[in-house]
Amino acid sequence: MLASVMAPLWACILVAAGILATDTHHPRDSALYHLSKQLLQNYHKEVRPVYNWTKATTVYLDLFVHAILDVDAENQILKTSVWYREVWNDEFLSWNSSLFDEIREISLPLSAIWAPDIIINEFMDVERSPDLPYVYVNSSGTIENSKPIQVVSACSLETYAFPFDVQNCSLTFKSILHTVEDVDLAFLRSPEDIKRDKKVFFNDSEWELLSVSSAYSILQSSAGGFAQIQFNVVMRRHPLVYVVSLLIPSIFLMLVDLGSFYMPPNCQARIVFKTSVLVGYTVFRVNMSNQVPRSVGSTPLIGHFFSICMAFLVLSLAKSIVLVKFLHDERRGGQQQPFLCLRGNTDADRPRVEPRAQRALITESSFYGEHLAQPGTLKEIWSQLQCISNYLQTQDQTDQQEAEWLVLLSRFDRLLFRSYLFMLGLYTITLCSLWALWGGV
């Protein structure tokens with residue numbers, strides 16, 4: 001009875017086991033496995049994959065600029081994120097797809113096959129880039145290797161027109177060992193398509209990508225000719241943030257300094273005003289140095305203009321200080337001279353007289369001297385009158401010299417003002433011209 005019950009159960013177990021055995025395939029039975037094994041079994045990656053060694057292997061290159069990460073003008077370094085593609089034909093990795101379950105494309109480890117030794121001439125440093133260990137190979141032997149790269153390259157950066165500068169940096173791809181007879185280069189797309197293609201560019205940074213022009217050439221050397229393709233990355237800076245934070249405040253500061261020329265040249269308040277403006281210039285210059293790119297080869301034009309205007313300010317301030325000091329010394333000497341005519345008073349006993357009471361004291365000095373002279377004589381009175389006359393003549397000469405100095409310095413002031421105004425106008429016109437040229441690129 002037990003046998004009759006177990007017989008149908010054993011039959012079900014055997015049927016299920018047969019189904020599982022039928023559906024479970026060993027990896028070695030896979031067409032993809034057999035194809036990979038056949039392609040790599042006798043493959044030698046040390047040998048250039050051509051049957052005819054006189055035939056060059058042509059590598060097709062393509063480049064997409066994804067982002068401009070950093071532009072270091074001081075060290076002349078450009079950091080970019082690019083998507084790089086290279087395609088070549090491997091004659092040892094072709095197969096008949098009908099013999100392998102219609103497989104027309106597989107992925108193989110890059111480390112297991114021959115790959116061209118393409119480098120970037122301007123390459124300076126290794127950055128973090130994703131490591132993609134596989135490449136695609138189709139049935140005709142065409143291999144496509146695509147990978148993102150963060151390129152740190154040397155570039156000649158010109159900051160003269162900052163912040164309206166346009167930079168042109170090149171990325172030159174070439175084989176490091178193989179001459180053009182062994183490895184040749186070509187474009188995967190037409191140069192015109194590469195030049196205007198900005199669909200993957202991340203346009204949210206400080207820089208705007210204008211174009212990526214490309215050119216093919218052969219570099220001749222003692223070892224032979226080397227094929228190379230140069231991609232020129234042309235970019236321009238977004239200037240609005242610098243216009244608001246640097247250019248407009250600098251123009252306002254220059255206009256404030258121009259207003260000081262309308263104050264009298266012998267006014268002490270002018271010195272205080274110009275000193276305050278000079279402090280403002282100094283603080284602004286410190287803040288500007290943190291934003292303006294530094295470059296050994298060139299200095300930004302706005303730095304030249306700002307230095308010239310600062311020199312005008314210092315020159316005008318020094319002129320005002322010298323003038324006020326000179327006039328103060330002249331008046332001080334003139335005020336002390338009448339008391340030298342008085343007798344009986346030492347330098348310590350002579351009273352200090354304000355300028356308003358000076359004329360009155362001159363009139364009273366004769367009576368004061370007569371009162372001190374005991375007994376008074378006509379000779380002493382006459383000497384006092386001569387002393388007062390000499391003082392008045394000296395005072396007239398001093399006033400005349402002061403007037404001549406004021407006329408001379410007023411002319412110098414007008415010259416400084418006109419030079420300052422011309423420089424400010426030239427500064428504004430130059431910035432507008434650079435902005436117009438920047439917009440026309």
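Lys274 touches Asp257, Ser260, Phe261, Leu313, Ser316 and Leu317, leaving out residues up to four places away in sequence; contact here means heavy atoms within 4.5 Å. Lys274 sits in helix H5 (residues 268-291), where helices (H or I, at least four residues) and strands (E, at least two) are DSSP runs numbered from the N terminus. At 0% relative accessibility, Lys274 counts as buried; buried means under 20% relative accessible area, exposed over 50%, and partly exposed in between (1.4 Å probe, protein chains only).

A word on the source: this is a predicted model, in which local features need pLDDT of at least 70, side-chain atom pairs count only at pLDDT 80 or more, and totals for chains, interfaces and linings use all residues. Residues are numbered from 1 along each chain as its sequence is written, and side-chain values use heavy atoms, with hydrogens and water left out.

Now to the nonpolar cores, each a set of buried Ala, Val, Leu, Ile, Met, Phe, Trp, Tyr and Cys residues joined through side-chain atoms within 4.5 Å. The largest has 47 residues, of which Leu93, Leu171 and Phe173 touch the most other members. Strand E1 (residues 57-72) gives this core its largest share, six residues. A second, separate core of 33 residues includes Phe261, one of the residues that Lys274 touches.

Ile119 belongs to strand E4 (residues 118-120) and is partly exposed, with a relative accessible area of 32%.
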